[in-house]
Amino acid sequence: MALAYKGFNTALIHGGIYGDPQTRSVNVPIYQTSTYEQDNIGGTPKWEYSRTGNPTRAALEALIAELEGGDRGFAFGSGMAAITAVLSLFKSGDRILTSSNIYGGTFRVLDKVFSHFGITYSNIDTSDPEAVEKAITPDVKAIFVESPANPLLTVTDLSVVSEIAHRHGLLAITDNTFMTPYLQRPIEHGFDIVVHSATKYLGGHSDLVAGLVVTTGKELGDRIAFIQNSTGGVLGPFDSFLLIRGIKTLGVRLDRHVANAEKIARFLKDNPDVSKVYYPGLEDFKGYEVNKKQAKNGGAMMSFELTPSHDIKKFFASLSLIALAESLGGVESLVCHPATMTHAAIPYEIRQKVGITDTLIRLSTGIEDVDDLIADLKQAIEKSRV
């Protein structure tokens, strides 16, 4: 689906369902209701019950569908609720290929929940097309990728993976949380389903929890709509309103996020106390050229490791401006320790194999003054020397 406007920032504000025709309000109202009065029995009213549909949520769903270039959008109570709805498309005996370093919550729900229903998975290096091809067996029904992946920012060639998926009759699914449609639109590269933890950049202010799904084609849209209504993990009207409001400033926020991230990544790369920086915006990063081809820039997420002469516990404790916290994508900068926080659900052996070490630090770059952020990182690094 093409954007209704030439400019993406215009679509962020005017896309989907804009305003309210009854009152001429420029904002979609919060329809804080559970049910709707009907004219008669046996009819087909547009609105009947807010699990099935709500005008505020519908405006958000239309907006994300337009921004991602899909046919239908769906809003859920969290990113994991959105992922759970997508995984509910599959049945016992199906296998899903996933990126080798992937959000810990996605790993956990596959490993500990969907495994009970006979749905299996294989973690593979989706940045390697040969590895993807070799992993496809008759029971594989989908490829689920993150690009850049969480937390090592591994870049997967979206066009290549979607071509492989479709050649084998598989669904191509991606989590676009790190990039958002402002920086990357996977459907343009052949993907069938895009999911978001909208808690992150789309909301942008660390004040809501939400998930979004965008589908292509009528069949997929109908199936997700049925799952959404049947399982009921929908986003409420007030959080839908907040998310629409957050999306309106996505462009201006991400421009600042990314500008800060690029400067911080270079500061870290040039710092002798830092042994490794994972950031797709650095020219010598392994996935730089592929990311440049399919995304606007390297985004605002990065991970890094200090040299062995540092104590990362002291590093975290010494930060005064940047908060140690779960989540990402808010206006404030956040750091986390993936091994014990976001990716703790992944067994130690698997973390070590894919490179999620106990010394890895993940940084979500906020929109503060970048010199203040660099100063905070610098003094914390210095204080963490042992």
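A residue counts as buried if its relative accessible area is under 20%, as exposed if that area is over 50%, and as partly exposed in between. The model discussed here is predicted.

**Aromatic pairs**

The count of aromatic pairs comes to 7. One of them joins Tyr-36 and Trp-47 in a tilted arrangement. Both residues lie in the loop between α1 (8-14) and α2 (55-68), so their pairing ties together parts that are 11 residues apart in sequence. Tyr-36 is buried, at a relative accessible area of 15%, whereas Trp-47 is partly exposed, at 25%.

Another pair is formed by Phe-114 and Phe-117, whose arrangement is edge-to-face. Phe-114 has a relative accessible area of 6%, which is under 20%, and therefore counts as buried.

| Pair | Centre to centre | Angle between planes | Arrangement |
|---|---|---|---|
| Tyr-36 and Trp-47 | 6.3 Å | 35 degrees | tilted |
| Phe-114 and Phe-117 | 6.3 Å | 70 degrees | edge-to-face |

The angle of 70 degrees for Phe-114 and Phe-117 is over the 60 degrees that an edge-to-face pair requires.

**Cluster and charge over a ring**

Three phenylalanines, Phe-304, Phe-315 and Phe-316, form one aromatic cluster. An aromatic ring also takes part in a contact with a charge: the charged end of Lys-276 sits over the ring of Tyr-278, at 5.4 Å from the ring centre.

Conventions: Residues numbered from 1 in each chain as written. Predicted model: local features only at pLDDT ≥ 70, side-chain atom pairs only at ≥ 80, totals over all residues. Heavy atoms only, no water. Phe/Tyr/Trp six-rings, centres within 6.5 Å; stacked < 30°, edge-to-face > 60°. Helix = DSSP H or I, 4+ residues; strand = E, 2+ residues; numbered from the N terminus. Buried < 20%, exposed > 50% of the residue type's maximum accessible area, 1.4 Å probe, protein only. Lys NZ or Arg CZ within 6 Å of the ring centre and 35° of its normal.
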